[in-house]
Amino acid sequence: MDDQSLRVQNASPPTAVSPPGSFLQEVIEATPGDSRLGMCIQCGTCGGSCPSAADMNHTPRQIFAMIRADLREEVLRSNTPWYCVSCYFCTVRCPQEVHITDVMYTLKSMAIREKRYDDSTAPDFSQTFIGYIESYGRSYELGLATRHNLRHRPLQLPSMVPLGLGMLARRRMDFAPQRIEKIEQLQAILARAIELEVGV
Amino acid sequence: MTTKLLFYPGCSLQRTARPYLDSLVAISPLIGIELEEIQDWNCCGATEYIAIHHLASHALVGRNLALAAQQSNGTHTVMAACSACYLNLAKTDSYMQVNAQLNRQVNDALQAGGLHYQPGTVRIRHLLDIIVNDIGIEEIRKQVVRPLKGLRIAPYYGCMIARPDRDNRWDNVEHPLALDKLMKAIGAEVIDFPLKTHCCGGHMTQINMPTAYELIRRLVYGAAQYHADLMVTLCPMCQLNLDAYQSEMNRHFHTNYHMPILYFTQLMGLAFGLEPEVLGLGKEFVNASQALSRIGIEVPAAEPELEMVEDKPARKKKEKAGLPMPQMLHSEEE
C-alpha cells in the first residue's frame with residue numbers, strides 16, 4: 001500500500017450520511033437524542049446478539065440497511081421491532097454505539113401511526129396496555145391478559161385459564177384495577193405530551 | 001444507621017410480584033432501610049408506552065420524578081426494585097439531562113398538571129445496587145443467622161438492570177457479580193451462570209408464545225445443567241415468565257423441568273431467620289418447598305384452593321393421554 005492511499009483514507013473520516021428527506025433522516029429525527037443510526041457499519045453484531053433474531057423477518061442489521069435503502073414500506077411492515085425484547089444486548093455491544101433499542105421503539109411508533117404492521121397482535125398489546133394506564137394510571141394485568149387473549153388467541157384462552165386462576169388464588173392478580181388519586185392530572189399531562197408530539 | 005429511600009414500587013410489586021414486595025418490607029428494618037412510598041405514583045409505561053408515544057412515555061415517567069422531587073425530605077434517592085421501572089425512571093431522567101428539547105417538552109407537558117421537574121434532582125437506583133454498594137456485603141453478612149449452606153443457586157439478573165447502565169452501576173453489563181457476591185454472603189452455593197443476563201422473553205409471552213418459550217427454555221435448561229436447586233431473580237417480569245410459564249414451556253417442548261424461581265429478597269429473609277410465610281414463599285407456581293427442605297427450611301403447604309387450581313392442568317393432561325399423540329409416549333417415558 002502506498003502513502004497516497006493512506007493519505008486519502010486519513011483525509012476522509014467516516015461520516016454519517018443521511019440525505020435530507022430520506023427515510024434514514026426521518027427515523028433519526030423521530031428518535032430523541034443522538035441515535036447514531038447513520039454510523040452503522042453493517043457488522044451484524046446486533047443480529048448475532050439478539051435473542052429473538054431467529055423469529056424476526058429481518059435482523060436488526062438488515063433493517064438498518066433497508067432504512068438506508070429507503071425501503072420505508074418494507075421496514076414498517078417488518079415484525080422486527082415488535083420482536084425486540086428490549087434486552088439491550090445489541091445496544092451495549094454495537095461498536096458504533098448506535099442506540100438500537102431506541103430506534104426499534106421509533107419504528108414501532110411509526111408503524112402504529114401508519115397502521116402498517118400486517119399482524120396486529122403486538123401493536124394491539126401495546127395499545128391495550130397503555131389504554132389501562134390512561135384510564136387508571138396503573139397497569140391492570142387481569143384485564144390486559146383477558147382482553148388481549150380474547151382478541152388474538154380465543155382458541156388458546158381455555159389453556160390460559162389455569163394460569164389466570166393460579167394468579168388470582170396466589171393473590172398475584174386482582175379482580176379490579178387500581179386507580180391513582182390524581183388521574184385527571186396524569187391525563188392532562190399525557191394529553192399535552194401527545195399534542196406536542198403530533199405538533200413536532 | 002438507617003438509609004431513607006423514596007420508594008417507587010411499580011405495578012408489578014403490588015400484584016404479580018407481591019412476594020418480592022412482602023420480602024423486601026420484611027428485610028428492610030434488618031438491613032437498615034426505611035422505605036417512603038412516593039405518593040400517588042403512576043405506571044412507568046413498561047416497554048409498551050414508548051412503543052406508541054415517545055414523548056408521552058417520558059412525560060408519564062416525568063410525573064413520577066416530579067412527585068418524588070416534591071416529596072423528598074432528607075433524601076434524593078429514588079429506589080425501584082423492578083428492573084423495568086428502574087430503567088424507565090433512570091432513562092427519562094438522563095435523557096432529560098442531555099437533551100434540552102426533551103427536557104423542555106416534558107416540562108411543558110408536566111405543566112398541564114401543575115408539575116415541574118428539574119432533571120438530576122433525584123437519583124434513581126435499583127434495590128440491588130443500594131444493598132450491595134451502599135449497605136455493603138459485610139453488613140449483610142452480620143445479619144445472617146441461618147446460612148443457606150448446601151443450597152445451589154443460579155443468580156439471574158435479566159436484562160434491564162444490567163443494561164444499558166448509563167450510570168455505570170455495575171462492574172460488567174453482561175456478567176455482573178453483585179448478586180453472586182450477595183448470595184455467597186448469605187451462605188448459598190452460587191454457580192457461575194453464563195446466562196445470567198440473558199432475556200427471559202419479556203413481552204413475548206403475550207405476543208408470540210413460541211419465541212418466549214424458547215427463551216425460557218434456554219435459561220431453565222442452563223440452570224438445570226449446572227444442577228442449580230433454584231434460580232434467584234430481582235425482576236418481576238423475569239420471575240413471572242420463568243415461573244408462571246414454566247409448565248406451558250414444558251408442555252411445548254415435552255420436557256419436565258422443575259426449576260423454582262425466587263426473589264433474592266426472599267432468600268435474604270430466610271438467611272436472616274425470618275419465617276417463610278412473611279417472605280411470600282409458597283406463592284410461586286413452580287414450588288420451591290422441595291429445594292428448600294433440602295437445607296432444612298420447611299415451607300408451609302399451599303392452601304387447599306391453590307391445590308385445586310394446580311390440579312387442573314394435570315387432569316387435562318390425563319384426558320389427552322387417551323389420544324394417540326406422539327408426545328404422550330415421550331411424556332410417559334419421563
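1. Which strands of chain B does helix H12 (residues 236-244) lie across, and at about what angle does the helix run to E8(B)? In this predicted model, helix H12 of chain B lies across strand E7 (230-233) and strand E8 of chain B, and runs at about 155° to E8(B). Helix H14 (residues 264-271) of chain B also lies across E7 and E8 of chain B, but runs at about 70° to E8(B). Helices (H or I, at least four residues) and strands (E, at least two) are here DSSP runs numbered from the N terminus, and the angles, which run from 0 to 180 degrees, are taken between N-to-C directions of axes fitted as lines to C-alpha atoms, for helices over the stretch in contact.

2. Residues are numbered from 1 along each chain as its sequence is written, while chains are lettered from A and ligands numbered from 1 in the order in which they are written. As this is a predicted model, local features need pLDDT of at least 70 and side-chain atom pairs count only at pLDDT 80 or more, whereas totals for chains, interfaces and linings use all residues.

3. On confidence, the model scores ipTM 0.86 and pTM 0.88. The pLDDT (the predictor's confidence in each residue, from 0 to 100) averages 90 in chain B, with 90% of the residues scoring at least 70, and averages 87 in chain A, with 90% of the residues scoring at least 70. I would flag residues 304-334 of chain B, over which pLDDT stays under 50 and for which the model has 18 contacts beyond four places in sequence, and residues 1-14 of chain A, where pLDDT also stays under 50 and the model has one such contact. Where pLDDT is low, the predicted coordinates should not be read in detail.

4. The sheet of chain B is open and consists of four strands in the order E6-E5-E7-E8, with parallel pairing. Strand E6 (189-190) and strand E8 (261-263) of chain B stand at the edges with a single partner strand each, so one side of each has no neighbour in the sheet. Strand E5 (residues 152-155) of chain B is joined to E6(B) by two bridges, and B:Ile153 has B:Val190 in E6(B) as its bridge partner; strands are taken to pair if DSSP finds at least two bridges between them.

5. Chain B is assigned domain 1 (3-127) and domain 2 (145-314), with bounds from an automatic or database domain assignment, and the domain centres, taken over C-alpha atoms, are separated by 25 Å. In domain 1 of chain B, 22 residues are in contact with 24 residues of domain 2 of chain B, contact meaning that the C-beta atoms of two residues, placed from the backbone, lie within 7 Å. To the side of domain 1 that touches domain 2, H2(B) gives the most, with eight residues.

6. Between the chains, 56 residues of chain A are in contact with 55 residues of chain B. On the side of chain A that touches chain B, the largest share, eleven residues, comes from H12(A). By class, that side has 31 nonpolar, 13 polar and twelve charged residues, where Ala, Val, Leu, Ile, Met, Phe, Trp, Tyr, Cys and Pro count as nonpolar, Asp, Glu, Lys and Arg as charged, and the others, Gly among them, as polar.
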